[in-house]
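Here is a short briefing for a first look at this structure. Keep the sequence and the 3D view at hand while reading.

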Amino acid sequence: MKRVILYGIVLLLCGCDLIEYHPYDVRLHGETGVNAKNIARIEEICEGKDTLRFVLMGDSQRWYDETEDFVNALNKRNDVDFVIHGGDISDFGLTKEFMWVRDIMGKLKVPYVALLGNHDILGNGMDVFLKVYGDENFSFRAGNTKFVCMNTNALEFDYSHPVPDFTFMYNELQDTVGCSRTVPVMHVQPFNVEFNNNVAHGFHLLLQEFPGVEFCLHAHSHSLLHKELFDDGIPYIGCAAMKDKNYLLFTLTPGGYEYEVVYY
């Protein structure tokens with residue numbers, strides 16, 4: 001009898017990987033702190049560069065095959081410095097969704113960072129994002145360009161959380177010495193229903209205080225967009241979702257910028 005009980009315990013312990021946790025359980029395995037690690041790589045790769053090439057993509061959500069195709073297509077290039085995932089990594093905020101996309105994007109040969117999307121906040125998704133990727137607001141430098149990445153998913157927080165976080169933005173504004181250009185990046189653009197449009201104009205006015213803002217980037221709309229939301233010459237440029245199998249390729253030079261839609 002003792003042998004039977006012992007055998008059963010051994011089987012239980014060996015089969016622990018078969019246990020299915022609740023889909024919103026925040027237990028995870030694999031890499032964490034992805035953004036901080038990749039920011040260090042980006043800043044090292046781009047140090048001293050006055051010309052940058054980067055990719056904006058987003059809204060991977062349930063389109064895992066298309067995201068994997070994106071990674072395979074980009075890995076065939078040798079002219080891209082880094083990638084920005086504009087948010088909505090997940091569809092329902094499930095832990096497994098974050099891990100699936102993290103593992104797919106982790107196969108990129110170049111470093112990438114990911115923003116928080118409105119779908120990423122569902123359930124316990126915010127907790128998973130903070131563990132896998134890091135802070136909801138962050139910045140990094142690539143050469144003399146400062147990228148300011150912000151949580152703009154105000155509706156998901158029911159206005160109980162500073163979204164957008166003006167204190168973060170103001171503090172980043174104090175840290176622009178040596179930067180001649182700034183690229184603001186967000187998931188949700190102003191005047192979208194998810195944005196706190198009570199502060200849309202103030203948000204944009206503060207962004208204008210940063211050096212060399214020529215355009216702003218976003219995802220969320222699942223379509224290619226280029227629109228001057230404030231009629232001041234600064235366009236908000238949005239990428240499509242991964243289901244459309246394209247991404248935006250930006251080239252920044254001392255004289256300006258250009259971008260193209262690349263299909264794969």
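This is a predicted model. The mean pLDDT of the protein chain is 92.

**Confidence**
- In the protein chain, 90% of the residues reach a pLDDT of 70 or more.
- Confidence is highest in strand β7 (residues 216-218), at a mean of 99.
- Confidence is lowest in helix α1 (residues 2-14), where the mean is 48.
- Over residues 9-14 the pLDDT stays under 50.
- Where pLDDT is low, the predicted coordinates should not be read in detail.

**Annotated region**
- An unreviewed UniProt entry annotates residues 52-223 as "domain: Calcineurin-like phosphoesterase".
- Over residues 52-223, the chain is 27% helix and 19% strand.
- The end C-alpha atoms of that region are 24 Å apart.

**The parallel pairs**
- β1 (residues 52-57) is mostly covered. Five of its six residues are buried.
- β1 pairs with strand β2 (residues 82-85) in the parallel sense, over four bridges.
- Met57 has His85 in β2 as its bridge partner.
- β1, helix α3 (residues 64-74) and β2 together make a β-α-β unit. The unit is right-handed.
- β2 and β3 also run parallel, joined by three bridges.
- Across this pair, Ile84 stands opposite Val113 in β3.

**The antiparallel pairs**
- Strand β10 (residues 246-253) is mostly covered, with seven of its eight residues buried.
- β10 runs antiparallel to β1, and five bridges join the two.
- Leu52 has Leu252 in β10 as its bridge partner. Arg53 stands opposite Thr251 in β10.
- β10 pairs with β11 in the antiparallel sense, over eight bridges.
- Leu249 stands opposite Glu260 in β11.
- β10 and β11 form a hairpin. How many residues lie between them? The hairpin has two residues between its strands.
- In a regular strand the side chains alternate between the two faces of the sheet.

**Helices across the sheet**

**Backbone details**
- Most residues other than glycine have a negative phi, and most peptide bonds are trans.
- Asp59 has a positive phi, near 50°. Asp59 is found in the loop between β1 and α3.
- Is Asp59 buried or exposed? Asp59 counts as buried because its relative accessible area is 0%, under the 20% cut-off.
- Lys245 has a positive phi too, near 55°. Lys245 lies in the loop between β9 (236-238) and β10.
- Lys245 is partly exposed, at 28% relative accessibility.
- The peptide bond joining Val163 and Pro164 is cis, with omega about -5°.
- Pro164 is found in the loop between β5 (145-150) and α6 (166-173).

**Asn124**
- Asn124 lies in the loop between β3 (112-114) and α5 (125-132).
- Asn124 is partly exposed, with a relative accessible area of 33%.
- Asn124 and Thr95 are 29 residues apart along the chain. Their C-alpha atoms are separated by 8.0 Å.

Methods
Residues are numbered from 1 along each chain as its sequence is written. This is a predicted model: local features need pLDDT of at least 70, side-chain atom pairs count only at pLDDT 80 or more; totals for chains, interfaces and linings use all residues. Side-chain values use heavy atoms; hydrogens and water are left out. Buried means under 20% relative accessible area, exposed over 50%, partly exposed in between (1.4 Å probe, protein chains only). Two strands pair if DSSP finds at least two bridges between them. A crossover is right-handed if, with the strands pointing away from the viewer, the path from the first strand over the helix to the second runs clockwise. UniProt positions are given in the numbering used here, feature names are shortened, and annotations may be inferred rather than shown by experiment. pLDDT is the predictor's confidence in each residue, from 0 to 100. Contact means heavy atoms within 4.5 Å.
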